[in-house]
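User: I have a structure open and would like to go through its contacts and secondary structure with you. Shall we begin once it is on screen?

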Amino acid sequence: VPVTQERLAATSEEAGAGADGLGYPAVLKACDAEFLHKTEHGLVRLNLATRAQVEEAFADIQERAGRAVKSIVYKMLKGEREFMAGVMRDPAFGPCVLFGLGGVYTEALRDTSFRLAPLAVRDAAEMIGDLRAQKLLGEFRRMPAVDRDALAATLMGLGAAAVLHPEIKEIDLNPLLIVGAKPVALDALVVLGD
C-alpha cells in the first residue's frame, strides 16, 4: 500500500523541522486515538507554505484538541481523483476488501465494491471494474489513466494484511489519492478487535 513520507511531531519545533525536511506545501494533522475523524474536529491543516505556518498550525491543533496531541506532518501531494479502500471483518464471511469513490463523494454517491479476502489479481481487477465512475479511472481532463495494476496491488495488499493479521477489525484508507497515475494513501485508520 503506497503511503506518504511523514514525520511524527510532539512539539511545534519538531513539526517545523519535519516540514523543512519533507518539503512544502505541507500538511499537518493530529495523530491521536481519541480523534479518529480529524477533519470533523478541525484537526487538519493543508497547504502550509512556511515553517512558521506549520508551527502556528501545530499550536492551533493543540488548542482545538484541548490537550497535548502529537501531529503528523507530510508534504502535500497533488491529485484530483480520490478513491477509498479498506477492510472490514464480517462476522459470517471474515475479512472483506472495499474499493470505491473517496473523499467527500464516499457517502454521497456510494459507488463501492466488495470482495472476500484474500484477493487474486482477477478479484482486484473486477472490483476496480465494478465502479460506475469508470471515467475517473481512464484519461480524464488531461490526467493520465490510473495505473490499474498499482491499484489492484493496493487492494490485494489490504486483503493480505487482513488475512495475516486477524487482530485487525477494520482498515480505512480515505482518501486514496491518484498522484499522476499511481494511488497513494493519504490517511489511514486501523481499528483492532477485542
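User: What are the closest N and O atoms of Arg-115 and Glu-126 doing, and how far apart are they?
Analyst: Arg-115 and Glu-126 form a salt bridge, with the closest N and O atoms 3.6 Å apart. Distant parts of the chain are linked by this pair, since Arg-115 belongs to strand S7 and Glu-126 to helix H4 (residues 121-130), 11 residues apart. Please note that the model is predicted.

User: Which residues join Arg-115 and Glu-126 in one network?
Analyst: Salt bridges with shared partners connect Arg-115, Arg-122, Glu-126 and Asp-130 into one network.

User: Is Glu-126 buried, exposed or partly exposed, and why?
Analyst: Glu-126 is partly exposed, because its relative accessible area is 34%.

User: Is Ser-113 buried or exposed?
Analyst: Ser-113 counts as buried, because its relative accessibility is 3%. Leaving aside residues up to four places away in sequence, Ser-113 touches Val-97, Leu-98, Phe-99, Met-127 and Asp-130.

User: How many salt bridges are there in total?
Analyst: The count comes to 13 salt bridges. One involves Arg-51 and Asp-20, whose closest N and O atoms are 2.7 Å apart. Arg-51 is in helix H2 and Asp-20 in helix H1, so this pair ties together parts that are 31 residues apart in sequence.

User: How accessible are Arg-51 and Asp-20?
Analyst: Arg-51 is partly exposed, at a relative accessible area of 31%. Asp-20 is also partly exposed, with a value of 40%.

User: What does Arg-51 form with Glu-55?
Analyst: The side chains of Arg-51 and Glu-55 meet in a salt bridge, at 2.9 Å from N to O. About one helical turn separates the two, because they are 4 residues apart in helix H2. Glu-55 is partly exposed, its relative accessible area being 25%.

User: Why would residues three or four places apart in an α-helix point the same way?
Analyst: An α-helix has 3.6 residues a turn, so residues at that spacing point the same way.

User: Let us turn to H1. Which of its residues are buried?
Analyst: In helix H1 (residues 12-22), the buried residues are Ser-12, Ala-15, Gly-16, Gly-18, Ala-19 and Leu-22. Viewed down the axis of H1, these buried residues fall within an arc of 160°, so they line one face of the helix.

User: What covers the buried residues of H1?
Analyst: Their cover includes strand S1 (6-9), strand S2 (26-31), helix H2 (51-65) and strand S4 (70-75).

User: And what follows H1?
Analyst: Gly-23 follows H1, and its phi is positive, near 110°.

User: New topic: how many aromatic pairs are found in the whole structure?
Analyst: The search finds 1 aromatic pair. The ring centres of Phe-83 and Phe-99 are 5.5 Å apart and the planes are at 25°, so the pair is stacked. It links distant parts of the chain, with Phe-83 in strand S5 and Phe-99 in strand S6, 16 residues apart. Both Phe-83 and Phe-99 are buried.

User: How do S5 and S6 pair?
Analyst: Strand S5 and strand S6 (residues 94-101) pair in the antiparallel sense over 8 bridges. A hairpin through 3 residues joins S5 to S6. Within S6, Phe-99 is the bridge partner of Ala-85.

User: What about S5 and S8: how many bridges join them?
Analyst: Strand S5 (residues 81-90) and strand S8 (residues 168-179) run antiparallel and are joined by 7 bridges. Gly-86 has Asp-172 as its bridge partner in S8.

User: Lastly, where is Leu-158, and what does it touch?
Analyst: Leu-158 sits in helix H5 (residues 148-164). It touches Val-1, Ala-85, Gly-86, Val-87, Ile-171 and Leu-173, not counting residues up to four places away in sequence. Leu-158 counts as buried, because its relative accessibility is 3%.

User: How far is Leu-158 from Lys-169, C-alpha to C-alpha?
Analyst: The two are 12 Å apart in space, C-alpha to C-alpha, and 11 residues apart in sequence.

Methods:
Residues numbered from 1 in each chain as written. Predicted model: local features only at pLDDT ≥ 70, side-chain atom pairs only at ≥ 80, totals over all residues. Heavy atoms only, no water. Pairing = 2+ DSSP bridges. Buried < 20%, exposed > 50% of the residue type's maximum accessible area, 1.4 Å probe, protein only. Contact = heavy atoms within 4.5 Å. Arc of directions from axis to C-beta. Salt bridge = Lys/Arg side-chain N within 4 Å of Asp/Glu carboxyl O. Phe/Tyr/Trp six-rings, centres within 6.5 Å; stacked < 30°, edge-to-face > 60°.
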